[in-house]
Amino acid sequence: MSKFFKSLSAAIIGLGLMASQSAIAEVVIKVQSVLPTKADEIVMVKDFAANVAALTNGEVKIEVLPDGAVVSGRDILNAVDKGLVDAGFAWTHYWSGQHPAAMLFGSPVAGAGVGIDNIAFLSWFMNGGGKELYNRLWDEMGLNIHGLMLQPVGPEALGWFKEPINSMDDFRKYRFRTPPGIPGQTYKDIGVASVAMGGGDILPALEKGTIDAAEWCCPKPDSVFGFQKVLKHYYLQGLHQVVVNADMYINGDVWNSLTEDQQTAMEIAADASLIRSLSYRIYENGKALKDLTENHGVILHDTPADYFPEYMNAARASLEKNAAENEFFAEVWNSQKEFATIAVPFWAGAQSSNAQLGQAFAKSLQN
């Protein structure tokens, strides 16, 4: 073959490679969040998006839209299912009204009643059969969705109050913002006036007096929303969301349009997001709590002792009721209980040592 034809063949092959590469067109997945863009969780979503772009050589880009950009936050899951938006970002327990098992993935109330904390939950999810059950959830709900669990957090703070609360009787005097679904319903079951609302609505509701007390998450996200402007008494220890997970919901057709390599990249980025989010939260919450107490007049209190048995007993009753009424709920909860019988005795013992060590250091800072 002459040099001319060799050069021509090389050029054709090169053009073919370029054509095959261009055939894998850039995919832009627009994700509507249930949060405003200033929310701390969006920082971590954008970190996940950057990893996806890097792992796919820029083939898959994720664009984050704020709450209400296309549909209201409460409609985001169904909008993703119908293809009105490519994807959504929220907490899976928000959809407990559509299927009670959603709570066991998004916010297993009171640690699923079996002592599972946020780190133990990840162990169940990654190694105890949780991810396989999670992937089944969407079919159980009849939704055309592929879910990616991204952001674990916990335990969340009990919340913010106008005045110190010394008992459950004090607590029951307040109209209290809670998460939707079973965690919030459990507060109603113990006589707390529970009011569910989105994160961006909490501060205006506090300022207007629509609610008197509130919980959202933890020191950093709480401070971003500005609760310290209205309330000064803060309680860290709570049971309603010992484990909380924020997820991305991708329309099934959008997911299936991705190449296998692109899907794998997104799964790997999601797994990385789990640990990156945990590590981000610890340091950011520590800095925020220090700022709140030193610069904003926030007073940190211990949660009243009678809160714990009241909430735990009500949570357990709710879990048992839902397990009796829903077969898939029972399957997921039984999986968590079986995992807990093996993992929790070890992990609770290890964490007890860690907690005592940390508390000793924290007390030394007060001297």
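**Strands and their partners**

Modeller: In strand E7, Ala193 is the bridge partner of Arg175. This is a predicted model, in which local features need pLDDT of at least 70 and side-chain atom pairs count only at pLDDT 80 or more, while totals for chains, interfaces and linings use all residues. Residues are numbered from 1 along each chain as its sequence is written, and side-chain values use heavy atoms, with hydrogens and water left out.

Colleague: In which sense do E6 and E7 pair?

Modeller: Helices (H or I, at least four residues) and strands (E, at least two) are DSSP runs, numbered from the N terminus. Two strands pair if DSSP finds at least two bridges between them. Strand E6 (residues 175-178) and strand E7 (residues 193-196) have four bridges, and the sense is parallel.

Colleague: What is the hand of the β-α-β crossover from E6 to E7?

Modeller: The chain leaves E6, passes through helix H9 (residues 182-189) and reaches E7. A crossover is right-handed if, with the strands pointing away from the viewer, the path from the first strand over the helix to the second runs clockwise. This crossover is right-handed.

Colleague: Which residue in E8 is the bridge partner of Arg177?

Modeller: E6 also pairs with strand E8 (residues 213-214), in the parallel sense over two bridges. The partner of Arg177 there is Ala214.

Colleague: Which residue in E10 stands opposite Gly88?

Modeller: Strand E3 (residues 87-91) and strand E10 (residues 244-251) run antiparallel and are joined by five bridges. Opposite Gly88 stands Tyr249.
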